[in-house]
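Hi everyone, thanks for coming.

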Amino acid sequence: MRAPSLGRHLAAEQRAFLARDRAGWEDHLARVRAFLGEGLGSAGPDSKVLVLGAGSGLEVPWKLAPPSAVGWDADPWSRLRTFLRHGRWVPWVFQDLTGGLEDLAALAWRTARQPWSGRIRANRAAWRRLAGLAASLDPRCGALRDWLREHRPATVLAANVMGQFGAVAQRLVERAFAGHPPWTQDPEEPDPMDQALDAWTARAVRAFLEVLAGSGAELWLVHDRAVLFEAAAVSLGPTVDPWTAQLRSEGPLEAQDPLCGVDVAGELRERAPDRHLRWLWPVADGRTHVMEAVRVPRPRGSFWTQDPAAFLSHNP
Ligand SMILES: C[S@@+](CC[C@H](N)C(=O)[O-])C[C@H]1O[C@@H](n2cnc3c(N)ncnc32)[C@H](O)[C@@H]1O
């Protein structure tokens, strides 16, 4: 038996995502499509544009995209689903954006299973071993880095994918320990596996932002800033950092940080965002996402995205 492939796992996740009851999603869909649509529309008809986490195009108004735009999603059905939704056969990259999920899944599988029988080691020693070994994994987003270097897009959109890195990693690990979740059940006890996965996720998110910031492209980033549980009476005040200061709630809130403590604007370093929006997305009963949309203009004098002659005339 082998670890399930990332593609198969993401395809199953996408089916579940699309099968959800979408009552209450209208406001989110209108906002995310408006933001991503503006990014696509402002790119210019001859620009190279890359859409990361393109999925089935539920959130991406592909009709506004220039002809050479490319989608990126590791779900093997995403391109076809985009075609069925938008009638457009978009060039596509199917690789893992983090570059590290297959390694993590394989490590979890090897740690969780006895080599010959395949029986699951449902014990603390296996979880601790995996937690220790996972510390040496370093997702570097290598495929994305290489693609950006080769193709030099003028605009990159991240369509609600960055907040998924940790959730996908967690579910791949859980699948390796099928039926025996490798988490400490006592919320008062520190959980080494939980901590190891948070640290892995933070490394992946930082690497992703570092690669995007270094690309010189204009960035339009949408992601889950937080997941709130049982948040019926929650609202957002004016946009302010940290995001927790923006929450207005009548009662106590249980919140989870899908970016595992990474500060998006901080990681973009000298490339300061010039647009910063947040809104609430009631995804399901008892589960609301705080969505964040950030636009980062192209760096001034960037050779990366300019015609070399034009660059040299301004930077002799
Ligand atoms: C919340 S969905 C976004 C939906 C999408 N923007 C749309 O309009 O349909 C996240 C998407 O990211 C993809 N994804 C998640 N992790 C990924 C990874 N590490 N590499 C590439 N794609 C990934 C999933 O397959 C999924 O389609």
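Let's start with one spot: where does Ser136 lie? Keep in mind that this is a predicted model. Ser136 sits in the loop that runs between helix 5, residues 124-134, and helix 6, residues 142-151.

Next one: is Ser136 buried or exposed? Ser136 is exposed, because it has 8 other C-beta atoms within 10 Å, and the cut-off for exposed is 12 or fewer. Along the chain, Ser136 and Trp200 are 64 residues apart, and their C-alpha atoms are separated by 9.1 Å.

Okay, let's zoom out. We have 10 helices and 10 strands in this chain. The radius of gyration is 20 Å, close to the 20 Å that the globule rule gives for 316 residues, so the chain is as compact as a globular protein of that length. If you box up the C-alpha atoms along the principal axes, you get roughly 65 × 50 × 40 Å. And if you take contacts with a separation of 6 or more, 70% of them come from residues 24 or more positions apart.

Now the inside. Of the 316 residues, 37% count as buried. The largest nonpolar core has 75 residues, and those with the most contacts inside it are Val51, Leu52, Ala108, Ala159 and Phe208. Helix 8, residues 192-214, gives the most to this core, with 11 residues.

Let's pick Ala108 from that group. Which residues does Ala108 contact, leaving aside neighbours within four places in sequence? Those are Leu130, Leu172, Val173 and Ala176.

Note on methods
Residues numbered from 1 in each chain as written. Predicted model: local features only at pLDDT ≥ 70, side-chain atom pairs only at ≥ 80, totals over all residues. Helix = DSSP H or I, 4+ residues; strand = E, 2+ residues; numbered from the N terminus. Rg over C-alpha atoms; globule rule 2.2 N^0.38 Å. Buried ≥ 20, exposed ≤ 12 C-beta atoms within 10 Å, placed from the backbone. Contact = placed C-beta atoms within 7 Å. Core = buried A, V, L, I, M, F, W, Y, C linked by C-beta atoms within 7 Å.
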